Amino acid sequence: MRGITATMLRFILLLLFFASFGEGFWRMPCTNFPGLYRIDPLVYPGVPSEHAHSYHGGSNFGFDTTYEDLMASPCTSCDVAQDKSAYWIPGLYFKFPNGTVIAVRQVGGLVAYYDMYPATGPRNIVAFPAGFKMLAGDTYERDFKWQVPEPEKSLWTGAEATEAALRQKALGFNCLHYGPTSNEATTVRHFLPPRSLLDTCKDGLRLEIVFPSCWNGKDLDSPDHKSHVAYSSLVLDGTCPEGFPIRLPTLLYESIWAIEEFTGVEGKFLLSNGDETGLGLHGDFISGWKPEFLQSAIDHPLCGDPRNSGEIKDCPLFTIQDGDKCQKFTPPSQIMAENCMGPMGSLCGGKSLEKGGNVATSHVQVTVTVTSTYHDCAAAPTSRHVHHKMHDF
Ligand SMILES: *[C@@H]1O[C@H](CO)[C@@H](O)[C@H](O)[C@H]1NC(C)=O
């Protein structure tokens, strides 16, 4: 055995076990739930955002956050010290018949998967460049024009294969029930299922958002924060469309919400943007990696390679830390006193509660009078012990 290091041996074993797997990935746990705040430096730079978000990542986060700000973050709430990225999503709420809304308890924070596609054939995945940002999903979407249930991926042709369709197929609402009956695969349902089904999700509802992984190779951002990137032909796997030749890591956000605490309770689930359909689910990302470092992780046999385990601890490049020890970002003074957890008479930001159907109209910025007292979101129940199951394709 002399001359063979433990790492080499582990590598050889992994090679033997996983040689047939085509997809490499790691899962970035950001287990802390800081609360819900109206911050969105991508879509509402400089001002409170229209609706509240759950934020995870580099602690230098606020209304005007830039790549440089994130990189200067003293810490990150994710479990790898080198990742100062900003990850944020809308919150999930429950509305009682009397109109009172309350945030659904979020369990285990957010997990950001870094999936390496395509699964087969030559792979040339490029790290997010410095200053790269993007948005997945559309907060105003309320319509689903595509086939339900979804056709087999091999039948995704014509309208089903358009960017508009792929963008909606990138969302998932996964009814969790751990135990003998297996859970659904990732991104099978693309909007909120009916209440009759939600009431069977004894381990919560997992919100899933896949980001576009094909880049035009030029723009770090675009006016709609989407048109500089595109989905690959099968959302996760597949090929990039013309004009988007650069393959990035495929980001997938997962977050679990304890909807089982409302089983049998009269009322409705809705997102923080007022959407009762789920079609307006979205996710935002500002990269907070040094590109050379991220590239080395993507290319490392024990990190982004198909032979790896997906566990960040198995990537020798990563400095593993406890993200919970990173003091949460400080909300800007304008929203410091705002309570977005509820119970409250209307959604945080004064957003009207919308019904489903068609496409929501764009809303102008609303002026909000803060009436509630500051709710210490750090006291919100969280758990470090929730195991996000590996997603299943
Ligand atoms: C509305 O109903 C819920 C559930 O019964 C209750 O907790 C809440 O206090 C009510 N809100 C008001 C304003 O009465």
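C214 stands opposite R247 in β13. This is a predicted model, in which local features need pLDDT of at least 70, side-chain atom pairs count only at pLDDT 80 or more, and totals for chains, interfaces and linings use all residues. Residues are numbered from 1 along each chain as its sequence is written, and side-chain values use heavy atoms, with hydrogens and water left out.

Start with the strands. Strand β11 covers residues 214-215 and is joined to β13 by 2 bridges. The two run antiparallel. Strands here are DSSP runs (E, at least two residues), helices are runs of H or I with at least four residues, and both are numbered from the N terminus. Two strands pair if DSSP finds at least two bridges between them. An open sheet of 3 strands has the order β12-β11-β13, with antiparallel pairing. Its edge strands are β12 (229-230) and β13 (246-247), and each pairs on one side only.

Now turn to the ligand. Around the ligand are F96, N98 and T100; a residue is near a molecule if one of its heavy atoms lies within 4 Å of it. The side chain of N98 has an N or O atom 2.4 Å from an oxygen atom of the ligand. The side chain of T100 has an N or O atom 2.9 Å from a nitrogen atom of the ligand. Taken alone, the ligand exposes 360 Å², and the protein buries 31% of that. Such areas come from the Shrake-Rupley method with a 1.4 Å probe.

The structure holds 3 cavities of 30 Å³ or more. On a 1 Å grid over the protein atoms alone, a cavity is a set of points where a 1.4 Å probe fits but cannot get out; a pocket is an open set with protein on both sides within 12 Å along at least five of seven lines; lining residues have an atom within 4 Å of a point.

The second largest cavity has about 40 Å³ of space. Its lining includes L135, E163, R167 and Y231. β8 (133-137) and α3 (163-169) each supply at least two lining residues. β8 gives the most, with 3 residues. By class, this lining has 5 nonpolar, 1 polar and 3 charged residues.

The largest pocket has a volume of about 570 Å³. It is lined by 24 residues, of which E150, K153, T186, T187 and V188 are the closest to its centre. The lining of this pocket has 13 nonpolar, 4 polar and 7 charged residues.

Note on methods: Polar contact = N/O pair within 3.5 Å; in protein donor to acceptor, adjacent residues only side chain to side chain. Points joined across faces, edges and corners; volume = space filled by probe spheres on them. Nonpolar A, V, L, I, M, F, W, Y, C, P; charged D, E, K, R; others polar.
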